Amino acid sequence: MTGEERAAGPAGTKVLRFLYFVGAGFICTAAINKWRELERKSLQKKQQESDLLTDDNSATAVQKIVK
């Protein structure tokens, strides 16, 4: 057994640390995807509100011209 093997511990500990690392990566990826989804929904909502406002202004402008 070399010094590195004794310092790192048994193989089970290495596997457990690796699984923690993979799990943390999975959780971070899921959180990033959720954040992107929330941002996308927020931008879509703002765009829809903006479209409604411009549609209302266009309809008002047409009504003023017709009168």
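Of the 67 residues in this protein, buried residues make up 0%. The model is a predicted one. The protein has 2 helices and 0 strands.

**Helix H2**

Helix H2 covers residues 11-66. Among the residues placed in this helix are Phe21, Thr29, and the pair Lys41 and Glu37. Their relative accessibilities are listed below, with the class that each value gives.

| Residue | Relative accessibility | Class |
|---|---|---|
| Phe21 | 63% | exposed |
| Thr29 | 43% | partly exposed |
| Lys41 | 45% | partly exposed |
| Glu37 | 29% | partly exposed |

The classes follow from two cut-offs: a residue is buried under 20% relative accessible area and exposed over 50%, and partly exposed in between. Phe21 counts as exposed because its relative accessibility is 63%. Glu37, at 29%, counts as partly exposed.

**A nonpolar patch**

Phe21 also belongs to a group on the surface. Together with Val15, Phe18, Leu19 and Val22, Phe21 forms a nonpolar patch. The accessible area of these residues together is about 540 Å².

**A contact at Thr29**

Thr29, which is found in helix H2, has a side chain with a polar atom 2.8 Å from the backbone oxygen of Gly25. Thr29 has a relative accessibility of 43%, so this residue counts as partly exposed.

**The salt bridge**

How many salt bridges does the count come to? The count comes to 1 salt bridge. In a salt bridge, the side chains of Lys41 and Glu37 meet, with a distance of 3.3 Å from N to O. Lys41 counts as partly exposed, at 45% relative accessibility.

Terms used:
Residues numbered from 1 in each chain as written. Predicted model: local features only at pLDDT ≥ 70, side-chain atom pairs only at ≥ 80, totals over all residues. Heavy atoms only, no water. Patch = residues over 30% accessible without salt bridge, like charges linked within 9 Å, V, L, I, M, F, W, Y side chains within 5 Å. Areas by Shrake-Rupley, 256 points an atom, 1.4 Å probe, with all protein chains shown as cover. Salt bridge = Lys/Arg side-chain N within 4 Å of Asp/Glu carboxyl O. Helix = DSSP H or I, 4+ residues; strand = E, 2+ residues; numbered from the N terminus. Buried < 20%, exposed > 50% of the residue type's maximum accessible area, 1.4 Å probe, protein only. Polar contact = N/O pair within 3.5 Å; in protein donor to acceptor, adjacent residues only side chain to side chain.
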